[in-house]
Amino acid sequence: MPEPEEFVEERVYTVPLRGAWVAPRGKRTPKAVRILREFVMRHMKAEEVKITEEVNKALWRRGIQKPPRKIRIRVGKDKDGVAWVYLAEGVEVG
């Protein structure tokens, strides 16, 4: 993982994941991960998105059936066009 100093661009977003609740109960969290990835690709104009383990744990904390309705993230884009997704400051994973 690159250090924060290596990022060309860095932003903080609150990503709505309500679209995941349209999916069947057994597929909601995987759908939320896809929604997050597509959101970051669209807003950061990145070819590739890397989701850190702490963000993944925050999405999966309540299991496959109950992902969060929204998540606050910090996204950094490096010079190669890869976007790295971190949890925003002050967000705890229980």
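Visitor: Which residues does I73 touch, not counting residues up to four places away in sequence?
Guide: I73 touches R11, V12, Y13, V15, L36, V40, V85, Y86, L87 and A88, where contact means heavy atoms within 4.5 Å. Please note that this is a predicted model, in which local features need pLDDT of at least 70, side-chain atom pairs count only at pLDDT 80 or more, and totals for chains, interfaces and linings use all residues. Residues are numbered from 1 along each chain as its sequence is written, and side-chain values use heavy atoms, with hydrogens and water left out.
Visitor: Which residues touch the most other members of the largest nonpolar core?
Guide: Those are V15, L36, V40, I71, I73, V75 and V85, out of 22 residues in that core. A nonpolar core is a set of buried (under 20% relative accessible area, 1.4 Å probe, protein chains only) Ala, Val, Leu, Ile, Met, Phe, Trp, Tyr and Cys residues joined through side-chain atoms within 4.5 Å.
Visitor: And which element gives the most to this core?
Guide: Helix α1 does, with seven residues; helices are DSSP runs of H or I, at least four residues, numbered from the N terminus.
Visitor: Changing topic, which residues of α1 and α2 meet?
Guide: T29, P30, V33 and L36 in α1 meet V55, L59 and W60 in α2.
Visitor: How exposed is W60?
Guide: W60 lies in helix α2 and counts as partly exposed because its relative accessibility is 34%, between the 20% and 50% limits.
Visitor: What does W60 touch, leaving out residues up to four places away in sequence?
Guide: W60 touches T29, P30 and V33.

Conventions. Helices (H or I, at least four residues) and strands (E, at least two) are DSSP runs, numbered from the N terminus.
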